Amino acid sequence: MSTDNISNTKSSIKSHQHYDLDINCKFQSTMRKIRHRLSHHHTHKVSDIIPSGNMFVFFLIKTLYRVFETFSLKDINESKKSTYVLDQRQSATIFVSNHISHSDPFVISELFSRHRTSLSYILSFSSSHLNTFPLNIFYKASSSFIKRNDKMDTQDKLLLQEYICECKKHDLSFFLYPEGTFSVSGNAIKMKLGLLKYLIKADYENMVIVKVQYTKILDFDLHSTVRKEGSWPKNNPLSFGVIIERLKQIFSYSSSVYVDTKKMSLLPFSEKNIDLLAMEVGFQLNNMYLFSDMEKIKTALYISQCNRVNINELSSSIIGYLDANQINEVKYKVLKVCNTFNFDIVNDEIILNKNGCEELFTSINQYIYAWLPYAIKACRYTLSPIEMECLYLNKVTYKEMTNIELNTEFIKFFEKFDIQSHLHTIVKSFDIR
């Protein structure tokens, strides 16, 4: 075997770690070059924009992920579809993802690291209010601190545009949450256009949409409060107590996560039709889903409209549209769902508590397009224009959804479902900032 082949083999089997010395040195070198090219700008502003690539911080983040993985995350299930691309090397790409939990960055950064999705680190953006010690030490490793668009002056905007263009020249990729905040209903909420405009101006040609779907939403306690109040808590997001509480939320739940992707071209889009891009991203984030037996069971349990559900009756009624064809296998899956959402079982009856049902609400909205046609048909319900807007549906996609061939047994479950109230909650949380 030649020396080159041996070198290539070693490179291919090398452990994929965030703190890998070779790639870290390359990343820091690239950032120094970009910093030098932008040195004509105000030094302080450039410092906030250019990530440090601190190797120690990447090591610490990786360690934190391992703790999180041990106590909270059961496993990461990557899609087997042909459209899945996180296991493939991407050049100069914009990655966008839904955002429903504080654990999302752990999961996605692990996948980037595992597969070496990019030639270098994936750059991201953080709100300028996070540029405070000690949080800025972590964010600064691979993130740029960005002000809200209405708070940016002309120099801020010019620097940001030049920085993104320089990154494009160096074949660097960006990752962002286009919603700009958490989705408290589970499905994608209204997209912000600011950063997308800058990225499109820099002539990025490809976008990878990443959908993260949990068996149980890890930050549900926070989401439930926000949905009820219609706004985020007013307490200081940087206080030590709040940070500890968020870490507690992340580490106190147990969940598995499913990740799917779809790659799309940005060539048809420009600043003039960026609204269409936001619409397409929102539609895809809602449209990509896993609708396996577990998701069907969760949906059937949520829409049962009862405080108590007999496990034998439920298992018998749903077996007709599940992949499982043995009653014992179905019962086992029902028990797993009950265990996930902390539903007690007394004398073969599932006791549906309030917190568990609210959590189910968010969970099933992660695959809303899978069950919505059943609800529409069973309830003879017509979506209003505002409901269509919040679900990123237009007349064409709405018609396609209603024409899907459906399992008649599953339709029966939705006959007493209060779809109007359910959609009202989604509409209410669509534009929470």
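Lys-333 is buried, with a relative accessible area of 18%; buried means under 20% relative accessible area, exposed over 50%, and partly exposed in between (1.4 Å probe, protein chains only). This is a predicted model, in which local features need pLDDT of at least 70, side-chain atom pairs count only at pLDDT 80 or more, and totals for chains, interfaces and linings use all residues. Residues are numbered from 1 along each chain as its sequence is written, and side-chain values use heavy atoms, with hydrogens and water left out.

**Salt bridges**

A salt bridge is a side-chain nitrogen of Lys or Arg within 4 Å of a carboxyl oxygen of Asp or Glu. By this rule the count comes to 12 salt bridges.

| Lys-147 | Asp-156 | 3.1 Å |

Helices (H or I, at least four residues) and strands (E, at least two) are DSSP runs, numbered from the N terminus. Asp-293 counts as buried, at 3% relative accessibility.

Salt bridges that share partners also join Lys-45, Lys-147, Asp-153 and Asp-156 into one network. Within this group, Asp-156 is buried, with a relative accessible area of 9%, whereas Lys-147 counts as partly exposed at 35%.

The pair of Lys-201 and Glu-271 links distant parts of the chain, 70 residues apart. Lys-201 is in helix H8 (residues 194–201), while Glu-271 is in the loop between strand S7 (255–265) and helix H11 (274–287). Lys-201 is partly exposed, with a relative accessible area of 45%, and Glu-271 counts as partly exposed at 40%.

**Aromatic rings**

Rings of Phe, Tyr and Trp (its six-membered ring) pair if their centres lie within 6.5 Å; planes under 30 degrees apart count as stacked, over 60 as edge-to-face and the rest as tilted. The structure holds 23 aromatic pairs. In one of them, the ring centres of Tyr-163 and Phe-174 are 5.9 Å apart and the planes stand at 80 degrees, so the pair is edge-to-face. Tyr-163 belongs to helix H7 (residues 154–169) and Phe-174 to strand S5 (residues 174–176), so this pair ties together parts that are 11 residues apart in sequence. Tyr-163 counts as buried at 0% relative accessibility, and Phe-174 counts as buried at 0%.

Phe-175 and Tyr-177 form an edge-to-face pair, with 5.1 Å from centre to centre and 80 degrees between the planes. Phe-175 counts as buried at 9% relative accessibility, and Tyr-177 is buried with a relative accessible area of 19%.

One aromatic cluster includes Tyr-289, Phe-291, Tyr-302, Trp-371 and Phe-417.

A charge sits over a ring if NZ of Lys or CZ of Arg is within 6 Å of the ring centre and within 35 degrees of the ring normal. Lys-168 lies over the face of Tyr-204, at 5.9 Å from the ring centre.

**Helix H5**

The expected span of a helix is 1.5 Å times one less than its number of residues. For the 12 residues of helix H5 (residues 104–115) this should give 16 Å, and the end C-alpha atoms are 17 Å apart, which agrees. The buried residues of H5 include Asp-104, Phe-106, Glu-110 and Phe-112. Just after H5, Arg-116 takes a positive phi of about 50 degrees.
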